[in-house]
Structures are given as C-alpha cells and as structure tokens.
Amino acid sequence: MNTIAYFEIQSSQPEREVHFYSKVFGWTIVKEDGLPIEYYRIITTGIPGAILARPSSVPGPNQGTNAFTCSVEVADFDACARIILENGGQIALPKFAVPGRCWQGYFLDTDHNVFGIFEVDENAGA
C-alpha cells in the first residue's frame with residue numbers, strides 16, 4: 001500500500017496520444033465511458049495506466065514540466081485526503097468513481113505538483 005500503482009498521461013487531444021502510444025509500445029488502449037473526463041485505459045503487463053483529457057492548457061516553454069501523473073493506491077481515500085489537506089495540499093479534481101474499480105481524486109502538493117490517490121472498491125459508482 002502507499003506505492004505508485006497507476007500512471008496517467010494527460011493530453012489536449014487524447015485520441016492522438018492513444019494512436020501514438022499504441023504504435024510506439026504496442027499497448028492495447030480502451031476508451032472508458034461514464035467518467036467526468038475523456039479517459040482511455042491502457043492495458044499493459046506492468047503498472048496499469050490511462051490517457052486522459054488534460055484539464056487545463058499545456059504549460060508554455062519555461063513554465064514547468066509536462067509530465068505523466070502518478071496515482072498512489074491508499075487504503076482509505078477520505079482519510080488520506082484529509083491528511084493531504086491538513087498538510088497544505090489542495091484538491092485539484094475532487095473524488096470520483098471509476099465504476100467497478102476505485103475511487104480516484106487529484107491533489108496539488110505544496111509546490112503545486114499534481115498527483116492522484118485511489119482506493120480500490122469494486123462497488124465504486126454502483
């Protein structure tokens with residue numbers, strides 16, 4: 001628990017990145033419906049991941065890093081979220097259900113780096 005267990009690639013044109021990563025790595029990528037953002041699940045033999053619609057514009061040159069977002073699996077989403085907020089973190093995207101899989105959310109650390117946490121729950125969104 002509390003290890004990086006999921007990765008995400010944000011994109012301003014997710015279908016373009018689906019094509020790119022499918023061709024480059026041979027990944028199978030499947031669109032997921034029912035989420036608050038455009039989202040494609042990446043099926044790999046390693047750490048699972050996804051390509052999702054970027055929630056804001058791409059940073060310009062010399063304005064920071066454009067990067068994958070890592071999500072940490074936690075035992076209790078709500079308890080971990082409270083600890084994040086109590087220690088100066090901020091909510092970037094509130095908790096939401098990935099139906100049949102988990103509860104997911106995104107936060108900013110004290111330097112405004114985005115990271116995700118998720119709690120596995122097969123009943124999420126049911």
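**Q90 in its setting**

Tutor: Buried residues make up 37% of the 126 residues in the protein chain of this predicted model. The secondary structure amounts to 2 helices and 8 strands, arranged along the sequence as β-α-β-β-β-β-α-β-β-β. The radius of gyration is 15 Å, which agrees with the value near 14 Å that a compact globule of 126 residues would have. Along its principal axes, the C-alpha trace spans about 40 × 40 × 25 Å. Of the contacts between residues at least 6 apart in sequence, 50% join residues at least 24 apart. The chain exposes about 7,600 Å², with carbon and sulfur atoms supplying 52% of that area. Its 8 positive and 15 negative charges have mean positions 8 Å apart.

Within this chain, Q90 belongs to strand β6, which covers residues 90-98. Leaving aside residues up to four places away in sequence, Q90 touches L85, Y106, F107, L108 and H112.

H112 lies 22 residues from Q90 along the chain, and the C-alpha atoms of the two residues are separated by 8.2 Å. Their side chains are joined by a polar contact of 3.4 Å.

Definitions and conventions
Residues numbered from 1 in each chain as written. Predicted model: local features only at pLDDT ≥ 70, side-chain atom pairs only at ≥ 80, totals over all residues. Heavy atoms only, no water. Helix = DSSP H or I, 4+ residues; strand = E, 2+ residues; numbered from the N terminus. Rg over C-alpha atoms; globule rule 2.2 N^0.38 Å. Buried < 20%, exposed > 50% of the residue type's maximum accessible area, 1.4 Å probe, protein only. Contact = heavy atoms within 4.5 Å. Areas by Shrake-Rupley, 256 points an atom, 1.4 Å probe, with all protein chains shown as cover. Lys, Arg positive; Asp, Glu negative; His and termini not counted. Charge placed at Lys NZ, Arg CZ, Asp CG, Glu CD. Polar contact = N/O pair within 3.5 Å; in protein donor to acceptor, adjacent residues only side chain to side chain.
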